[in-house]
Amino acid sequence: MMHRTFVTMIAVVVAACLFHVASADWLGLNFNPFFDFNRQSTALIKFYEETQGATKWPNQFRGGWASQTPCAWDGNERAHPAPWGTRCVTGGWHQPPPRGDGGLLFLEHYSGFAEGPVPREFDAFQMTDVIGLGHNKLNGPIWDTQYHTFLHRLDLAHNQMSGTLPDNFMKRNTIHCELVNLYDNQFTGSIPAIINTLKPLTAFLLGKNQFSGTVPDISNLKRLRHLDLGDNQFSGTIGPWLKELDNLAWLFLQNNQFTGTLPELPPRVSRVLIGQNKWTGRIPESYGSLGYLRVFNCTGCQLECPTPNFLQHVYFSTHCKTPKW
Ligand SMILES: *[C@@H]1O[C@H](CO)[C@@H](O)[C@H](O)[C@H]1NC(C)=O
C-alpha cells in the first residue's frame with residue numbers, strides 16, 4: 001500500500017516536471033507564452049494600416065505589407081513573403097514555441113514616413129530580437145513591453161510617442177536587453193525602478209523627452225556605456241550609485257532640474273555633459289584623477305574648484321581650467 005502511494009507520487013512529480021519542460025521554461029521564460037501567430041499578423045497589418053503605409057510610406061518600403069497573411073506562418077513563403085523590413089522565422093532552429101523561438105525576429109522601418117500610433121498588439125512579439133522604428137512620426141503610448149523576452153534592441157528615437165513607462169517595463173527581458181533608445185519623443189513620468197534589472201543594457205537613452213522625478217538607483221547596469229537623461233525635467237540629487245557604473249563612458253544629464261553637489265563619477269567616464277541644472281557647491285576632488293575624462297561641460301553651473309586649474313589636463317572643460325592661448 002505504502003509502496004503504491006510512493007510510486008504514484010513519483011509518477012505525479014515526473015509528469016509535473018515533463019509538463020514544465022514542455023512549457024516554455026527552457027527558453028528562459030518564466031511564464032507560459034500566449035504565443036499567437038494571429039496576433040503577430042494583426043500587429044503587422046495594423047502597423048501598416050495605422051501608420052498609413054499605403055499612402056505615406058515610400059513605395060520601396062511597402063513590399064509585402066498589404067498582405068492579410070504576412071510572414072508565411074503557414075510555411076508558404078512564396079505566397080506570403082515577409083513584409084519589407086521584417087524577418088519572420090518558423091522553420092529550422094526556429095520552430096514556434098514552445099518547441100523553439102520562431103515568430104517575428106526583426107522589425108525595422110526607417111523610412112521616416114510611418115505616421116500614427118503603434119498597435120498594442122506589438123505585445124505579441126515575444127521572441128523578437130530587434131524593433132527599430134526610429135526617425136518616423138509615430139505617436140501614442142508604447143505597447144505593453146512586459147512579454148518581450150529576447151529583445152536586444154528597442155529603438156524608437158526621434159518620434160512623437162507619449163505616455164509613461166509602466167512599472168513592468170521590459171519585465172521579462174532581463175537577459176537580452178542591450179539598447180533602450182527613446183531619445184527625442186514626448187514621454188512623461190519617471191524612470192521605473194525595474195530598469196535596474198536589465199543587466200545587459202549598454203545604452204539607455206531617454207534624452208529630449210518630458211521625463212521627471214528623481215533618477216532611481218541603476219547601479220546593477222555594469223555594462224552601461226551611455227546614459228542620456230539630458231533635456232528632460234528630472235529633479236533631485238543623483239545618488240552615490242552613479243560611481244558604480246564601471247563601464248559608463250558618456251554621461252548626459254544636461255538641461256534638467258538636478259540639485260545638490262555633483263555626484264562622484266564612475267572610473268571610465270570620458271564625456272560629461274551636465275550643465276543647465278541647479279548643482280551647487282564644490283566639484284569633487286576625485287574628478288581630478290579620472291584617467292579617461294576628456295570633456296567636462298557644466299555650462300551655466302556656479303561651482304567652486306577644490307584647487308585652481310585642477311582640470312587643466314582635461315581636453316575640454318568649462319570649469320577649473322584656464323584656456324591656453
Ligand atoms: C556644453 O553643453 C551645452 C548644453 O549644456 C551645449 O549647448 C554646448 O554646446 C556644449 N559645449 C560643448 C563645447 O560641448
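How many nonpolar, polar and charged residues make up the shell around the ligand? By class there are two nonpolar, six polar and no charged residues, where Ala, Val, Leu, Ile, Met, Phe, Trp, Tyr, Cys and Pro count as nonpolar, Asp, Glu, Lys and Arg as charged, and the others, Gly among them, as polar. The residues surrounding the ligand are Q254, N255, L273, G275, Q276, N297, T299 and F316; to be near it, a residue needs its C-beta atom, placed from the backbone, within 6 Å of the molecule.

Before going further, some ground rules. You're looking at a predicted model, where local features need pLDDT of at least 70, side-chain atom pairs count only at pLDDT 80 or more, and totals for chains, interfaces and linings use all residues. Residues are numbered from 1 along each chain as its sequence is written.

How confident is the predictor, on a pLDDT scale that runs from 0 to 100 for each residue? The protein chain averages a pLDDT of 90, and 89% of the residues score at least 70. Over residues 12-26, though, the pLDDT is below 50, and beyond near neighbours in sequence this stretch has ten contacts in the model. A contact here is two residues with their C-beta atoms, placed from the backbone, within 7 Å.

Now the overall build. The protein chain holds three helices and 19 strands, taken as DSSP runs numbered from the N terminus (helices are H or I with at least four residues, strands are E with at least two). Of its 325 residues, 36% count as buried, meaning that 20 or more other C-beta atoms lie within 10 Å of the residue's own; 12 or fewer makes it exposed, and anything in between partly exposed. Among contacts between residues at least 6 apart in sequence, 40% join residues at least 24 apart.

Let's walk along helix 2 next. Helix 2 has 14 residues and reaches 20 Å from its first C-alpha to its last, close to the 20 Å expected at 1.5 Å a residue; that expected span is 1.5 Å times one less than the number of residues. Its buried residues are Q40, S41, A43, L44, I45, F47 and Y48. An α-helix has 3.6 residues a turn, so residues three or four places apart point the same way. What covers the buried residues of helix 2 includes helix 3 and strand 2 (103-108).

Just after helix 2 comes Q52, with a positive phi of about 60 degrees. Q52 sits in the loop between helix 2 (37-50) and helix 3 (53-56), and it counts as partly exposed because it has 14 C-beta neighbours inside 10 Å. Most residues other than glycine have a negative phi. H135 is another non-glycine residue with a positive phi, near 60 degrees. You'll find H135 in the loop between strand 4 (130-132) and strand 5 (137-140), and with 18 C-beta neighbours inside 10 Å it too counts as partly exposed.

On to the sheets, where two strands pair if DSSP finds at least two bridges between them.

Going across, strand 5 pairs in the parallel sense with strand 7 (residues 160-163) over two bridges, and N139 stands opposite Q160. Strand 7 in turn pairs with strand 9 (residues 186-189), again parallel and over two bridges, with S162 and Q186 as bridge partners.
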